[in-house]
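Reader: Could you walk me through this structure, one feature at a time? I would like to learn how to read it.

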Amino acid sequence: MQDTVIESKAPTAKAVQAERTKKTTKTESNAMNAKRSPTEIAESITETVGKPLAQNAKLAMRDVNVYYDQKQAVFDVNLDIAENQVVALIGPSGCGKSTFLRCLNRMNDTIDICRVAGSIQLDGMDIYDSKLDVVPLRARVGMVFQKPNPFPKSIYDNVAYGPRIHGLVNRRADLDEVVESSLRKAGLWEEVKDRLESPGTGLSGGQQQRLCIARTIAVSPEVILMDEPCSALDPIATAKIEELIAELSQNFTIAIVTHSMQQAARVSHRTAYFHLGRLVEVNETEKVFTNPDHELTEAYITGRFG
Amino acid sequence: MENLHIDQHISRQFNTDLEHLREHLLEMGGLVEEQVADAVRAIESADSELAEKVLRTEDEIDRREVALDEECTLVLARRQPAASDLRLVLMVTKANRDLERMGDEADKIAHMAIALNDAGGATSPRGFVELRHIGNSVQALVHQSLDAFARFDVQTAIEVVKGDKQVDRDYGSAMRELATYMMEDPRSITRVMNIIWALRSLERIGDHARNIAEHVIYLVHGMDVRHTSVGEIEAQLEERE
């Protein structure tokens, strides 16, 4: 008896649903015709939506344009990264986010055909000033790369390298202290304290990446740039690095490029979305991942185009 | 009408998953609509058999609620949806619950229909006018709230919020009217109380329709408009333009 009741109901419910959907599809297809392609939308962008600027900016970028020879890779980017804040740079491959990140400590200087125009200021100082020495700059603005790249030296020497060449410490005891505190901050100390003299390359991938982070923070940088620091790591190592980012953000300013949207959502305070070299949107991370302002941001984080 | 492009993901399976959530919620909505209509008709036409049918179908609604929640959980676990997709999944879980509660209220109305019939059928029509009037308005609200969801239509959603306010007012005056009846004729108290319970359920169904409409506004604009007056909602929407 009960079965027959349900059967007699279900088609009615289906019919109601079909009726409603019919109306929807019609209007939807009209809207689709008017839709422009993501490329068209991106190329017409002249201004970033959201809040690209911030109070107490550690790094302030204005009208940044980057060219590789004739090809322009970054277009008129204006962005502030506030002190002790984590900013995530996201966007599809080739959108200019890594290029942009590498401008922040002049890593692009190593590429001959790369030209950077506009102004990038660290605490109000122009980092592209021709008189500026890039070595101390890179001590203030450190970088962690996609693949862990420890030096072929001992764990100890990997971390001690920076403080030594920058002449930050002289006494062995001081150096020991810097190495220990850096390894502790990077969450690696407990795992390596008994084998500091063994080669850094003998560590696991996740440990090597944390070693590279320890090496970066050993020179007490003010800003840490991370270019997909977890792309080669397993979820456990990734979780440890993310935990570390949260801790580091209390003392450092961090910009992180990531292809994992979930990672950006987890670790960052603000998120910047790049598309075809344009900075499309910058907003509080919670806003970007629940209710972004720009349709391209929405399309990207919800996996709507390739 | 807004467009959420739920059929535009790179992963076609994801499109299908979200489309299923939507379909299943609308199917459940259709079923609940019919439950409410049947329950009200069971009182109006003193039809105990129809009321029994409502009671039996209630199980089917409960079953669908559980199944749809399970589907939402799986989408969250598998896809970690963001932005409008996330809002859609959250909205579906909430609207699912509202629909199930509407089903419960329809169930209560059906019980009242049976109680009224057992007490002697439609001998006294007192309260029937109010019941019919509020019953019609509430059914229209439920229908509209589901339409608003099916078309992601904020304007219709706002109409529902306004309509629910009107139902609340009608409910208030029906209460005063029926209280007068009971004072005039204490023998009618049992009967009228049954009508009052049914009206109370209808009023609650209206509230749930309003909830669904508010979820639709959240889905489309990402604005949480719960516990907000119609005027404030409209002001917030205008601010967005």
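Author: Gladly; we will go from the overall make-up of one chain to single residues. Please keep in mind that this is a predicted model.

Reader: Let's start with chain B. How many helices and strands are there in chain B?

Author: Chain B has seven helices and zero strands. Along the sequence, its pattern reads α-α-α-α-α-α-α.

Reader: And what does the radius of gyration say about chain B?

Author: Here we set the value beside an expectation. A compact globule of 241 residues would have a radius of gyration near 18 Å, and chain B has 20 Å, which agrees. Along the principal axes, the C-alpha atoms of chain B fill a box of roughly 65 × 40 × 20 Å. Of the 241 residues, 47% are buried.

Reader: How should I think about helix 3 of chain B, and what should it span?

Author: A general idea comes before the case. An α-helix has 3.6 residues a turn, so residues three or four places apart point the same way. Helix 3 of chain B has 36 residues, which at 1.5 Å a residue should span 52 Å; its end C-alpha atoms lie 53 Å apart, in agreement. After this helix comes B:Gly120, with a positive phi near 125 degrees.

Reader: Which residues touch the most other members of the largest nonpolar core?

Author: The background is that in soluble globular proteins, nonpolar side chains tend to be buried together. In this model the largest nonpolar core has 149 residues, and A:Leu89, B:Ala39 and B:Val216 touch the most other members. Helix 3 of chain B (residues 83-118) gives the most to this core, with 15 residues.

Reader: Where does A:Leu89 point, and what does A:Leu89 touch?

Author: Strand 4 of chain A (residues 86-90) is mostly covered, with five of its five residues buried. A:Leu89 and A:Val87 point one way from strand 4, while A:Val86, A:Ala88 and A:Ile90 point the other way. Leaving out residues up to four places away in sequence, A:Leu89 touches several residues, including A:Phe100, A:Ala255 and A:Phe274.

Reader: Which strands does strand 4 of chain A pair with?

Author: Strand 4 pairs in the parallel sense with strand 9 (residues 253-257) over four bridges. In that pairing, A:Leu89 has A:Val257 as its bridge partner. Four bridges also join strand 4 to strand 10 (residues 270-275), again running parallel. There, A:Ile90 is partnered by A:Tyr273.

Reader: Which strands of chain A pair in the antiparallel sense over eight bridges?

Author: Those are strand 2 (residues 57-68) and strand 3 (residues 71-82) of chain A. One of the bridges links A:Val66 with A:Val74. The hairpin has two residues between the strands, and A:Asp69 takes a positive phi near 60 degrees.

Reader: How should I read a positive phi?

Author: Most residues other than glycine have a negative phi, and most peptide bonds are trans. A:Glu228, although not a glycine, has a positive phi of about 45 degrees. A:Glu228 lies in the loop between strand 8 and helix 9 of chain A. B:Gln80 is not a glycine either, and has a positive phi of about 40 degrees. B:Gln80 sits in the loop between helix 2 and helix 3 of chain B.

Reader: Why does B:Gln80 count as partly exposed?

Author: B:Gln80 counts as partly exposed because it has 14 C-beta neighbours inside 10 Å. A:Glu228 counts as partly exposed with 19 such neighbours.

How values were computed
Residues numbered from 1 in each chain as written. Chains lettered and ligands numbered in written order. Predicted model: local features only at pLDDT ≥ 70, side-chain atom pairs only at ≥ 80, totals over all residues. Rg over C-alpha atoms; globule rule 2.2 N^0.38 Å. Buried ≥ 20, exposed ≤ 12 C-beta atoms within 10 Å, placed from the backbone. Core = buried A, V, L, I, M, F, W, Y, C linked by C-beta atoms within 7 Å. Contact = placed C-beta atoms within 7 Å. Expected span 1.5 Å × (residues − 1). Pairing = 2+ DSSP bridges.
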